[in-house]
Amino acid sequence: MVKTPPLFDIHPPLVNSACPWATTLEDLRRLYACPSTGAVTTRTSLIQGFGHDPDKHQFVFFDAARAAAEDPASAPLNASVNSLGYSPVPLATYLDFIQTLSDEAPPSAGPAPAAKGFIVSVTGSPEDVAASYALLAAAAPRLRFPLAMEINLSCPNIPGRPPPAYERDALVAYLAPLRRAITEAHAAAAAVPIPVGLKTPPYTYATQFLALLDALESATQASEGGSCPVSFLTATNTLGSCLLLSSSSSFSNPSSADAPPFVPAPVLPHDGPEASSSSSSSSSLGTGGMAGAPLHPLALGNVATLRRLLDERAPALGRRVAVVGVGGVADAAGYRRMRAAGADVVGLATGLGLRGVDVFREVEAGLEGKW
């Protein structure tokens, strides 16, 4: 019987989500050393690394109440929009980083590994993701703490590649080779099966949620032992096609012959008003994925809906699938809301970018020990 293990115990149930502030070894070392996090999530990586272009791939913080990035002293920044892709650091290097941190960690008192582990976020083609699982399963026995793999199928910023997690058939195409990789890892004496999760995009209507659940059930039916290969869901990623304009944007009467009627000035990189109207990619329009405070209600709705659907279909899935709730949490109140919506673990990223690892300490202090 082949079955992926459940997500390892995460306590405190507070983590960073995959983000630019979890890119380097020093980033990961700071997150691991923070006593207010129960696990560390790496930035999403590919086997070969992503072709990061700093002129195209950027992020900006802004004030959600005014949708403005200028004059941050006038209002607190609580949101972000980005045109980023994935990490330029390849997966093998992240495994080296994690091995380094494992070597630095003091031995645990007893045979059990240290409780605080790593969630390694990966993406790529279905075959690449399966290969990533094999690499992580082979690395796990050498580490002093547990590993899990999160498959990011929800980035909105990759031109010509819509997030696979919006469509059932695209999800099934990923889960089939993953099942084979899991079976092979179980058969290999030198590998340790690890939990697998999917990072989902913000769903906005019922059929999107049902497509995900149908894909999970299909994978369950095809699995030996009738157990879903997915141990957890991370909900949600950023909301795509969001546009943040600077104060230099303008418009005029459309009937005016001497001036263009609309002159948007996006904050993120863009092609400018002279670009072809046939181009609609994020890089041409200056749009990107939004996170932080304005995403929070949608993220809560996604977590609550997924928790209900997963519980209803637990018999068909052959397991309880955990939910890591992400989106707009920056304080203890946001943490409580996310847990109340059904999250087993709460993640955050924009708050980390704005306040560093102190944001986790602030959340813990506000909870007064009531995780």
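Me: Where does E217 sit?

Reply: This is a predicted model, and in it E217 has its place in helix α5.

Me: Why does E217 count as buried?

Reply: Buried means under 20% relative accessible area. E217 comes in at 17% relative accessibility, so it counts as buried. As for neighbours, leaving out residues up to four places away in sequence, E217 touches R313, A316 and L317.

Me: And H57, why is that one called buried?

Reply: The cut-off is under 20%, and H57 has 16% relative accessibility, so H57 counts as buried too. You'll find H57 in the loop between β2 (39-41) and β3 (59-62). Its contacts, not counting residues up to four places away in sequence, are F50, G51, H52, S83, L84 and G85.

Me: What makes V230 buried?

Reply: V230 has 0% relative accessibility, and buried means under 20%, so V230 counts as buried. V230 is in the loop between α5 (206-222) and β8 (232-235). Not counting residues up to four places away in sequence, V230 touches T4, L175, V196, G197, L198, L216, R319 and V321.

Me: How far apart are V230 and E150, in sequence and in space?

Reply: They are 80 residues apart in sequence and 9.5 Å apart in space, going C-alpha to C-alpha.

Me: Why is A67 called partly exposed?

Reply: Partly exposed is what lies between buried, under 20%, and exposed, over 50%. A67 has 42% relative accessibility, so it counts as partly exposed. A67 is in the loop between β3 and β4. Its phi is near 50 degrees, a positive value in a residue other than glycine.

Me: What makes S241 exposed?

Reply: Exposed means over 50%, and S241 has a relative accessible area of 66%, so it is exposed. S241 is found in strand β9. Phi of S241 is near 65 degrees, again a positive value in a residue other than glycine.

Me: How do you know that the length of helix α2 agrees with what a helix should span?

Reply: Take 1.5 Å a residue: the 14 residues of α2 (residues 91-104) should span 20 Å, and the end C-alpha atoms are 20 Å apart, so the two agree. The expected span is 1.5 Å times one less than the number of residues.

Me: Which residues of α2 are buried, and what covers them?

Reply: The buried ones are L91, Y94, L95, F97, I98, Q99, L101 and S102. Their cover includes α1 (25-33), β5 (117-122), α3 (126-139) and β6 (147-152).

Me: What does α4 give to the largest nonpolar core?

Reply: That core has 80 residues, and Y133 and M149 have the most contacts inside it. Helix α4 (residues 168-187) supplies the largest share, seven residues. Apart from this core lies another, of 12 residues, among them F8, A39, A148 and A322.

Me: What does Y133 touch?

Reply: Setting aside residues up to four places away in sequence, Y133 touches T4, M149, L178, A181, I182, A185, P193, I194 and V196.

Me: What makes the peptide bond between H11 and P12 cis?

Reply: Its omega is about 0 degrees, and the bond is cis. P12 is in the segment before β1 (14-16). The bond from A235 to T236 is cis as well, with omega near 10 degrees, and T236 lies in the loop between β8 and β9 (239-243).

Me: Which residues lie nearest the centre of the largest pocket?

Reply: A18, T238, A291, A349 and T350, out of a lining of 42 residues. About 590 Å³ of space lies in this pocket. α10 gives the most to the lining, with four residues. By class, the lining has 19 nonpolar, 18 polar and five charged residues.

Me: Which residues line the largest cavity?

Reply: V15, N16, S17, A18, T41, I119, E150, T234 and V324 do. The volume of this cavity is about 30 Å³.

Key:
Residues numbered from 1 in each chain as written. Predicted model: local features only at pLDDT ≥ 70, side-chain atom pairs only at ≥ 80, totals over all residues. Heavy atoms only, no water. Core = buried A, V, L, I, M, F, W, Y, C linked by side-chain atoms within 4.5 Å. Buried < 20%, exposed > 50% of the residue type's maximum accessible area, 1.4 Å probe, protein only. Helix = DSSP H or I, 4+ residues; strand = E, 2+ residues; numbered from the N terminus. Contact = heavy atoms within 4.5 Å. 1 Å grid on protein atoms, 1.4 Å probe; cavity = no way out; pocket = protein on both sides within 12 Å on 5 of 7 lines; lining within 4 Å. Points joined across faces, edges and corners; volume = space filled by probe spheres on them. Nonpolar A, V, L, I, M, F, W, Y, C, P; charged D, E, K, R; others polar.
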